[in-house]
Amino acid sequence: MQFGFGVGPDTSWMREELTKLDIEELTTPEEVDKAMDEYGKGTMLMVINSVCGCAAGNARPGVEIALKKAEQKPDHLVTVFAGQDKEATARAREYFSEYPPSSPAFAFFVDGEVKAMVPRHRIEGRTRDEVAEDLLMVFDAFVEKPAEEK
């Protein structure tokens with residue numbers, strides 16, 4: 001960890017755990033709005049990242065496991081970082097304001113409408129595999145199977 005005047009802990013590795021999975025990082029309110037507009041058709045998983053070791057330490061690996069195991073994956077994958085990119089996170093939360101703020105968390109959208117939310121209390125105290133199973137249930141419920149599999 002790095003500490004000093006105006007410098008907090010290094011969070012770059014926490015970001016990289018998601019961006020290495022081709023999850024698009026949204027760091028400004030404008031980027032959030034653009035993603036919501038451009039990805040308004042189809043399915044999208046939004047990861048609300050966090051520095052919290054007790055929950056985010058299993059949330060990020062849980063996403064990786066779910067994406068590796070998923071037969072059907074969301075069309076789009078994005079992330080905002082709560083506590084780091086505050087304005088972007090605040091804007092993202094406006095798109096699912098019926099849910100209380102929570103981080104880490106996962107919001108799942110279908111055609112721009114939030115259909116599922118996995119809040120912190122469903123992540124904290126659970127293993128990365130249990131988190132992945134929750135995400136896989138969401139994917140199975142909302143990601144359409146190709147026509148030949150229906």
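These legends accompany a set of close-up views of one predicted model.

Local features are reported only at pLDDT of at least 70 and side-chain atom pairs only at pLDDT 80 or more, while totals for chains, interfaces and linings use all residues. Residues are numbered from 1 along each chain as its sequence is written, and side-chain values use heavy atoms, with hydrogens and water left out.

**View 1. Helices H3 and H5 cross at roughly 50 degrees.** Helices (H or I, at least four residues) and strands (E, at least two) are DSSP runs, numbered from the N terminus. The axes of H3 (residues 53-69) and H5 (residues 128-142) come within 7 Å; axes are lines fitted to C-alpha atoms, for helices over the stretch in contact, and angles run from 0 to 180 degrees between N-to-C directions. H3 and H5 are therefore oblique to each other, given that angles under 35 degrees count as roughly parallel, over 145 as roughly antiparallel, 65 to 115 as roughly perpendicular and the rest as oblique. Their crossing is right-handed: a crossing has that hand if the near helix is turned clockwise from the far one by less than a right angle, and is left-handed if anticlockwise. On the H3 side, the residues in contact (heavy atoms within 4.5 Å) include Gly 57, Pro 61, Val 63 and Leu 67. Their counterparts in H5 include Arg 128, Val 131, Leu 135 and Phe 139. By class, the contact of H3 with H5 has 11 nonpolar, 3 polar and 4 charged residues. Here Ala, Val, Leu, Ile, Met, Phe, Trp, Tyr, Cys and Pro count as nonpolar, Asp, Glu, Lys and Arg as charged, and the others, Gly among them, as polar.

**View 2. The largest nonpolar core has 27 residues.** A nonpolar core is a set of buried Ala, Val, Leu, Ile, Met, Phe, Trp, Tyr and Cys residues joined through side-chain atoms within 4.5 Å. Buried means under 20% relative accessible area, exposed over 50%, and partly exposed in between (1.4 Å probe, protein chains only). Ile 23, Leu 45, Val 63, Phe 106, Phe 108 and Phe 139 touch the most other members. Two or more residues of this core come from each of strand S2 (43-49), H3, strand S4 (105-110), strand S5 (113-118) and H5. Beyond its neighbours within four places in sequence, Leu 45 has contacts that include Pro 74, Leu 77, Phe 106, Phe 108 and Phe 139. A second, separate core of 19 residues includes Val 78, Val 80, Ala 88 and Ala 105.

**View 3. Helix H1 runs roughly parallel to H3.** The axes of H1 (residues 12-19) and H3 come within 9 Å and cross at roughly 20 degrees. This crossing is left-handed. Trp 13, Met 14, Glu 17 and Leu 18 of H1 meet Arg 60, Pro 61 and Val 63 of H3. The residues of this contact divide into 5 nonpolar, no polar and 2 charged. In the segment before H1 sits Thr 11, buried at a relative accessible area of 8%. Not counting residues up to four places away in sequence, Thr 11 touches Val 51, Phe 81 and Gln 84.

**View 4. Helices H2 and H4 pack at an angle of about 35 degrees.** Their axes are 7 Å apart, and the crossing is right-handed. Pro 29, Val 32 and Asp 33 in H2 meet Glu 87, Ala 88, Arg 91 and Ala 92 in H4. By class, this contact has 4 nonpolar, no polar and 3 charged residues. The C-alpha atoms of Ala 90 and Thr 28 are 9.6 Å apart, although 62 residues separate them along the chain.

View 5. Asp 111 is in contact with Gly 40, a buried residue with a relative accessible area of 17% in the loop between H2 (29-38) and S2.

**View 6. The peptide bond from Ser 103 to Pro 104 is cis.** Its omega is near 0 degrees. Pro 104 lies in the loop between H4 and S4.
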